[in-house]
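Here is my note on this model. Please keep the sequence and the structure open while reading.

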Amino acid sequence: MSENNLNIQMVDLKSQYMKIKPQVDQAINDVLSSTQFINGEHVKSFQNELAAYLDVKHVITCANGTDALQISMMALGLKPGDEIITPSFTYIATTEVIGLLGLKPVFVDCNPENFNISVDEVEKAITKKTKAIVPVHLFGQSSDMKSIMSLAKKYNLFVIEDNAQAIGSDYLGFNQPQKTGTIGNIGCTSFFPSKNLGCFGDGGAMMTNDDELAKKLRMIANHGQSKRYYHDIVGCNSRLDNIQAAVLRIKLKELDQYILNRQKAANYYDQNLKDLDQLTLPFRNLDSNHVFHQYTLKLDDSICKR
Ligand SMILES: Cc1ncc(COP(=O)(O)O)c(C=O)c1O
């Protein structure tokens, strides 16, 4: 490996931190001095800055990506017994919250080449009880959102995008590129440290262009209140703290560079692994740019049996 190649990194949290250390340390110290730990100024600013980056009307932060999914399902008024279509291959959080709320997960298989939900299978799984589809933009590239949105329209279903692995990705299937997570009724994301945009602990957010939904999401994430101590609906305690928001504001400015680094690393792996015929390299959709949260290979049976 040449010296140049040694700089190619998918994600290295230590070197990421070292590059922004002075700003991050200063921002954390400022929060400590302010003692404004919950719902502080950084949280408000980060929500606005992320909304501008994604070109979406509302960003509502919360404690983690799993809560973002749960709060979204609560805000949409989904009730026990409602059927929610979701891919059978995803991180546990996507289906865990469906079970937690007493909803019924209806698992649909993925496209074998890109691991995103198969739209043909979605349509076959729709029944009278189906209320929502939860596509997961797995590994960093968009599901087929044009087809999913048209199915949702045809059958009057909600769409909650699980965008935990694809923040920053553009979906290219409409006339204009649109960021994943801003296409369905609600998009959810996670700021787990190793995510493309990660904080220094747990964090998450919901995105929507719907004013009423935004209000409800905000209330549910904060004990069901819009006015202090007036708890109009059942909610939970799921807030991003000010220190995490301060870190995220700095890292958001670097997000496009982090994505470029991941893409460069993916290209490098592709280049150097392409001749190994026991491997299938990651498939890249034409209707999405891949932000490579993960670089995932398929191994031939002959390797697995070794
Ligand atoms: C696809 C997907 N959905 C949801 C989550 C949950 O996010 P969090 O760990 O912030 O709760 C993750 C996190 O790994 C994820 O990869």
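At what angle do the axes of helix α3 and helix α9 cross? The points below start there.

1. Basis. This is a predicted model, where local features need pLDDT of at least 70, side-chain atom pairs count only at pLDDT 80 or more, and totals for chains, interfaces and linings use all residues. Residues are numbered from 1 along each chain as its sequence is written, and side-chain values use heavy atoms, with hydrogens and water left out.

2. Helices α3 and α9. The axes of α3 (residues 41-54) and α9 (residues 242-273) cross at roughly 25° and come within 7 Å. That makes α3 roughly parallel to α9. Angles under 35 degrees count as roughly parallel, over 145 as roughly antiparallel, 65 to 115 as roughly perpendicular and the rest as oblique. Axes are lines fitted to C-alpha atoms, for helices over the stretch in contact, and angles run from 0 to 180 degrees between N-to-C directions. Helices are DSSP runs (H or I, at least four residues), numbered from the N terminus.

3. Handedness and contact of that pair. The crossing of α3 and α9 is left-handed (the near helix is turned anticlockwise from the far one by less than a right angle; clockwise is right-handed). On the α3 side, the contact residues include F46, L50 and Y53. On the α9 side, they include L248, L252 and I259. Contact means heavy atoms within 4.5 Å. By class, this contact has 10 nonpolar, 3 polar and 4 charged residues. Ala, Val, Leu, Ile, Met, Phe, Trp, Tyr, Cys and Pro count as nonpolar, Asp, Glu, Lys and Arg as charged, and the others, Gly among them, as polar.

4. Helices α4 and α8. The axes of α4 (residues 65-75) and α8 (residues 211-221) come within 9 Å and cross at roughly 125°. The two are therefore oblique to each other. Their crossing is right-handed. I71, S72, M74 and A75 of α4 meet L213, K216, L217, I220 and A221 of α8. The classes are 7 nonpolar, 1 polar and 1 charged.

5. Helices α4 and α5. α4 also packs against α5 (residues 92-100), at about 40° with axes 9 Å apart. This pair is therefore oblique too. α4 passes α5 in a right-handed crossing. T66, L69, Q70 and M73 of α4 make the contact with α5 residues, including A93, V97 and L100.

6. Ligand. Which residues come nearest to the ligand? Of the 13 around it (a heavy atom within 4 Å), they are G65, T66, D162, S190 and K195. A polar backbone atom of G65 is 2.8 Å from a ligand oxygen. The D162 side chain has an N or O atom 2.7 Å from a ligand nitrogen. For S190, a side-chain N or O atom is 2.7 Å from a ligand oxygen.

Technical notes. Polar contact = N/O pair within 3.5 Å; in protein donor to acceptor, adjacent residues only side chain to side chain.
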